[in-house]
Amino acid sequence: MNAPAARFLSPSEAARQLGITAKALRLYEERGLIAPGRTPAGWRAYGAAEMARGAEIVALRALGLSINEVARILSGDAVILDRVLAAHEATLEARIRQSGDSIARVRRLRTDLGRGKMPATCDLIGAVRTRPAIGVAFDLPWPWGGERFELRDVKLLNYIVGPLGSGKTRLAQRLAEALPDASFVGLDRTADGGAAVRARLDADPAHKAKVEASLAVLLADGAVDSAALTTLLAVLEADGDTILVIDMLEQGLDAASQEAVIAHLRRRGPEARPLFFLTRSNTILDLDAVGDDEAIILCPANHSVPISVTPVPGAPGYEAVASCLASPEVRARTEGMVAWRPS
């Protein structure tokens, strides 16, 4: 009996089985991570080998790795693999410390309970949470009508997205005012080519050393050295527990630098401070790579109340978010442009 013919999938079928979009699959091909076969008619076809490779890529991306890091790991780059494993080890150690603290708190509560002392609700919640919950609620500023906005559980990475004129900058500024110990970082951070930031770094050797260490990691991951990147790192590596709300995280960064930056932010441990940032880049906000401790906040074009969007095709707001994003090349080409309709 003849062996059954091998099963080949179309791009849409392959993407669906891998749990990603066809656009992401095409990007992986463009970056040389996967090479589909071709049908006699020239259509892309994915067999067992291509699907296995695709599953590897998806699994590595789920660890928070950039496409460049995935490519280097799959090519056998031991240096990048060691760095990725070291970062993952640090994250696991931080989680172990958190778990140890939680176990100790639970044991104390059980001891008190055995002595007839009921724990306070706040102590009970604090004992079972892996990270202190941060929430915020406030009345929305103009251009909204004073509607109530609420975030019950702030994630480690929080993307703020919306079309031009949707009010996302005003929302970000209001968040910075309402969140405990928060600061808004505007586009003026790049004024004078970041001269003021470099002067402050020169006056603070410890801070400068942290920035240079992070910069070296990003450059090794393909980022391009620039004043904009140094300025951003100076903000991110500042001491303290201040929650940062950053206007246009990608400002002044090319595609490779954006990819390295978001991968760097995803590798921070669970004890890191939350970050909020505006973005219109599909490299910063790769909808196929959003993790469990990341959140998307959409400011709709019609100025209805901002909503949290689940990064799953078909979810409410997903298409609106996707339509706000563009590649770094397109964003650079259209910087400052505003769409308008002739009267």
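The side chains of D77 and R72 meet in a salt bridge, with N and O 3.1 Å apart. The term salt bridge denotes a side-chain nitrogen of Lys or Arg within 4 Å of a carboxyl oxygen of Asp or Glu. Side chains of opposite charge can pair when their charged atoms come close. D77 itself is partly exposed, at 21% relative accessibility; buried means under 20% relative accessible area, exposed over 50%, and partly exposed in between, with a 1.4 Å probe and protein chains only.

The structure is a predicted model, in which local features need pLDDT of at least 70 and side-chain atom pairs count only at pLDDT 80 or more, while totals for chains, interfaces and linings use all residues. Residues are numbered from 1 along each chain as its sequence is written, and side-chain values use heavy atoms, with hydrogens and water left out.

By the salt-bridge rule, the count comes to ten. Another of these pairs joins D139 to R148, again with 3.1 Å from N to O. Here D139 is partly exposed, with a relative accessible area of 43%, whereas R148 is exposed, at 52%. A further salt bridge links R44 and E29, whose closest N and O atoms are 2.6 Å apart. R44 lies in strand β2 (residues 44-45) and E29 in helix α2 (residues 22-30), so this pair ties together parts that are 15 residues apart in sequence.

The protein as a whole has 13 helices and ten strands. Helices (H or I, at least four residues) and strands (E, at least two) are DSSP runs, numbered from the N terminus. Of the 343 residues, 41% count as buried. Among the contacts with a separation of 6 or more, 66% are between residues 24 or more positions apart; contact means heavy atoms within 4.5 Å.

How do two of the helices pack, and at what angle? Helix α3 (residues 48-62) and helix α4 (residues 67-74) pack at about 130°, with their axes 10 Å apart. Axes are lines fitted to C-alpha atoms, for helices over the stretch in contact, and angles run from 0 to 180 degrees between N-to-C directions. The two helices are therefore oblique to each other, since angles under 35 degrees count as roughly parallel, over 145 as roughly antiparallel, 65 to 115 as roughly perpendicular and the rest as oblique. On the α3 side, R53, E56, I57, L60 and R61 meet I67, V70, I73 and L74 of α4. By class, this contact has six nonpolar, no polar and three charged residues. Ala, Val, Leu, Ile, Met, Phe, Trp, Tyr, Cys and Pro count as nonpolar, Asp, Glu, Lys and Arg as charged, and the others, Gly among them, as polar.

A15 is found in helix α1 (residues 11-18) and is buried, with a relative accessible area of 2%. Not counting residues up to four places away in sequence, A15 touches I20, T21, A22 and L25. The C-alpha atoms of A15 and G54, 39 residues apart along the chain, are separated by 8.9 Å.

N158 has its place in strand β5 (residues 157-161), and counts as buried at 2% relative accessibility. Leaving aside neighbours within four places in sequence, N158 is in contact with P274, L275, F276, F277 and A295. T231, in helix α10 (residues 227-236), counts as buried at 2% relative accessibility. With neighbours within four places in sequence set aside, T231 is in contact with R189, T190, G194 and V197.
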